[in-house]
Amino acid sequence: MRIKSIIVSLVIFFGFLFASHSASANVFSINLKPIIKIDRTELRPSSEVQLPGKDTRKAASSSSFDKIQNILNQHMGQPYVWGGNGPNSFDCSGLTKFVFEQALNIHLQRTAEQQFNQFEHIPHRNVGPGDLIFFSYNHGKTIDHVGIVVKGNNMMVDAQSRGVVRESYMAPWWTDSIVGYARVFN
């Protein structure tokens, strides 16, 4: 009889645990429609970042990118904190917002989704240092992450669970989540 009551208690406990987990997860889910139609063939990274071609906005000039890189270098390794706007901790969009404001006095919106909607989109073949790269973990229904493209083969700096890091967006955990690139500069 004791084993039976232990089993019943465990079933009730795990049932409650899964029910409360599902309920709490649903509280935070956002069901947004895709904002633009995405041609995923344009998003696939090539083996190397290329400089812009025919886009109306130009990639960051060398001096502008040097200012961006200088601010990024000052904050490498700082911790990730959800909602962090700097200067001592960041989330992904807090980092991009902070860097562009400090380096070039360019105001970016607060969230990755807002930043995605704020600027002109470009295909991967035209991406250059200083452009933004966006990721979605649900096939474009929401924009969930943003990084700043830096010099090197498909490299970016972003704020994530490991803090502010420089890494390749060609890593397997990133490539399937890329939903677009944005040009910030006029």
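This is a predicted model: local features need pLDDT of at least 70, side-chain atom pairs count only at pLDDT 80 or more; totals for chains, interfaces and linings use all residues.
**Entry 1: a peptide bond**

I looked up the bond from Gly86 to Pro87 and found that it is cis, with omega near 5°. I noted this one down because most peptide bonds are trans. I then checked where Pro87 sits: it is in the loop that links helix 2 (62-75) and helix 3 (92-104).

**Entry 2: two asparagines**

Most residues other than glycine have a negative phi. I looked for exceptions and wrote down two. Asn105 is not a glycine, yet its phi is positive, about 55°. Asn154 is not a glycine either, and its phi is also positive, at about 55°.

Next I looked up where each one lies. Asn105 belongs to the loop between helix 3 and helix 4 (112-118). Asn154 is in the loop that runs from strand 3 (145-150) to strand 4 (155-160).

Which of these asparagines is buried, and which is exposed? I went to the relative accessibility. Asn105 has 70%, so I count Asn105 as exposed, the cut-off for that being over 50%. Asn154 has 1%, so Asn154 counts as buried, since buried means under 20%.

How many of the residues of strand 3 are buried? I found 6 of the 6, so strand 3 is largely enclosed by the rest of the structure.

I then listed the pairings. Strand 2 (residues 132-135) is joined to strand 3 by 4 bridges, and these two strands run antiparallel. As an example I picked Leu132, whose bridge partner in strand 3 is Ile148.

Strand 3 is also joined to strand 4, by 3 bridges, and this pair is antiparallel as well. Here I picked Val149, whose bridge partner in strand 4 is Met156.

Strand 3 and strand 4 make a hairpin, with 4 residues between them. In the turn I noted Gly152, which has a positive phi of about 120°.

**Entry 3: a serine in a loop**

Last, I looked up Ser177. It lies in the loop between helix 5 (172-175) and strand 6 (178-183). Is Ser177 buried or exposed? Its relative accessible area is 12%, so I wrote it down as buried.

What does Ser177 touch? Leaving out residues up to four places away in sequence, I listed Phe134, Phe135, Ser136 and Tyr137.

Methods
Residues are numbered from 1 along each chain as its sequence is written. Side-chain values use heavy atoms; hydrogens and water are left out. Buried means under 20% relative accessible area, exposed over 50%, partly exposed in between (1.4 Å probe, protein chains only). Two strands pair if DSSP finds at least two bridges between them. Contact means heavy atoms within 4.5 Å.
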